[in-house]
Structures are given as structure tokens and as C-alpha cells.
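Here is a short briefing on one protein chain. Please look over the sequence and the structure before reading on.

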Amino acid sequence: MAKAVRRLVTGHLADGRSTVVIDGPAPNVKQRQAGNASTLLWVTEESPAEVSGDADRAAREIGVPPPRRGTIFRVAEFPPGVGGEVRDNEVVLRDFGIGPEVRRRHPPRHPAIHRTRSLDYVVVLEGEIDLLLDDRDVRLKAGDVVVQQATNHAWINRGTATCRLAMVFVDAEEP
């Protein structure tokens, strides 16, 4: 199971002063079929983002891609060995909520490879992980950052410790 993530959400009092509207472990944790887990922290469905409410915008079911004109913020954990054993690309796409609106240009070189129509900012918080792309694998370590522009990819933890990633997905145009 995923390590708890403390989530603090700020907001506004009636007089405009800042305050805390949510403080505690983020409750929306999803265990993926591939073996990794993710904690959904926040979702927006518009741009510019609505910032005046106090509702928990992560209290919902949603796949990996962000809503059209929206964003998703999550922390994902990949235990050792996760990703490499995936054998069915269609199962991955269904589990991630990736539909036919995301064009595929060619068959993936690994069954865990997928793509979202999004600009993704990914920060490796802990551990190491391999980012599989169409033409190579890239080893990432804690502190590394990826700016992913709607590319085919997969995450595989070939190390011995759990890898934690902070991920922000921003809806984008189809490349």
C-alpha cells in the first residue's frame, strides 16, 4: 500500500484572509493492476483554475489523464520490480483510463508503454526508476525531473527500493 501523503489545502476566509481548508492524509489512494499505487491530491477541470472553493477536488474517480482543459496532481509509488511484468497493453490502457481519443502511432515496444494527451511534470522524490521511451531507457534518481510532452512511455522500477514520483499532468493538444 502507498505511503500516506499529508495534504494541506489552503483557501480564503470570508474577509479574504488565507486559511487552511484541508489538512490530513490524502484519502484517494488507488492501487493499479500493474502493482504501483497513486495518491490523487488535486484535480482541476478548467483553465484558469478555480481557486475560491473549499471542496475536496480530489474526492472523485479519475484515470491517469487530466480532464480536458484541466490538471491532475498525484504522488505515485512503484515498488521494486513493478512495471516489468506487465504483459497486456490493453489492460494497462483500461486501468489508466486512456481511451481511443489518444492516438497511437505504432505498437508499443513494451506492454506497459502508454501515452496521455498531457504535458507532465515529474519529480523523482525517492528511489530510482527507469523511464522507457520508444528509442531508449533512461535511469532516473531522486532529485531528477522529467518534462514529458505527450510521449509514449512506461515506468519500470528495476531497483531494490520503492520509487516515489510527484506528478502534475496538464491537458495538452494532440502532438
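Ser118 lies in strand 6. The model is a predicted one. Ser118 has a relative accessibility of 1% and buried means under 20%, so this residue counts as buried.

**Around Ser118**
- The Ser118 side chain makes a polar contact with the side chain of Thr116, at 2.6 Å.
- Residues up to four places away in sequence aside, Ser118 touches Pro66, Gln148, Gln149, Ala150, Phe169, Val170, Asp171 and Ala172.
- One of these, Val170, is also the bridge partner of Thr71, and it sits in strand 11.

- In general, strands of a sheet pair through backbone hydrogen bonds, either parallel or antiparallel.

**Pairings across that sheet**
- Strand 3 and strand 4 run antiparallel and are joined by 3 bridges.
- Val29 stands opposite Thr39 of strand 4.
- Strand 4 and strand 5 are antiparallel too, paired over 7 bridges.
- Opposite Trp42 stands Phe73, in strand 5.
- Strand 5 pairs with strand 11 over 8 bridges, again in the antiparallel sense.
- Strand 5 is mostly covered, with 6 of its 8 residues buried.

- Another open sheet has 3 strands in the order 8-7-10, and its pairing is antiparallel.
- Strand 8 (137-141) and strand 10 are its edge strands, and each pairs on one side only.
- Neighbouring strands of this sheet are turned by 30° against each other on average, direction ignored.
- Strand 7 and strand 10 run antiparallel, joined by 3 bridges.
- Leu132 has Ala154, in strand 10, as its bridge partner.

**Nonpolar cores**
- The largest nonpolar core holds 19 residues.
- Ile129, Leu140, Trp155, Leu165 and Met167 have the most contacts inside this core.
- At least two core residues come from each of strand 4 (37-44), strand 5 (71-78), strand 6 (118-126), strand 7 (128-132) and strand 11 (163-171).
- Strand 11 gives the most, with 4 residues.
- Beyond its neighbours within four places in sequence, Leu165 is in contact with Arg74, Val75, Ala76, Phe78, Val122, Val123, Val124, Leu125, Ile129 and Trp155.
- A second core is separate and has 5 residues, including Ala112, Ile113, Ala154 and Ile156.

**A loop residue: Asn157**
- Where is the place of Asn157? Asn157 is in the loop between strand 10 (154-156) and strand 11.
- Is Asn157 buried or exposed? The relative accessible area of Asn157 is 0%, and buried means under 20%, so Asn157 is buried.
- The Asn157 side chain reaches the backbone oxygen of Ala161 at 2.9 Å.

Notes:
Residues numbered from 1 in each chain as written. Predicted model: local features only at pLDDT ≥ 70, side-chain atom pairs only at ≥ 80, totals over all residues. Heavy atoms only, no water. Core = buried A, V, L, I, M, F, W, Y, C linked by side-chain atoms within 4.5 Å. Buried < 20%, exposed > 50% of the residue type's maximum accessible area, 1.4 Å probe, protein only. Contact = heavy atoms within 4.5 Å. Pairing = 2+ DSSP bridges. Polar contact = N/O pair within 3.5 Å; in protein donor to acceptor, adjacent residues only side chain to side chain. Axes fitted to C-alpha atoms, helices over the stretch in contact; angles between N-to-C directions.
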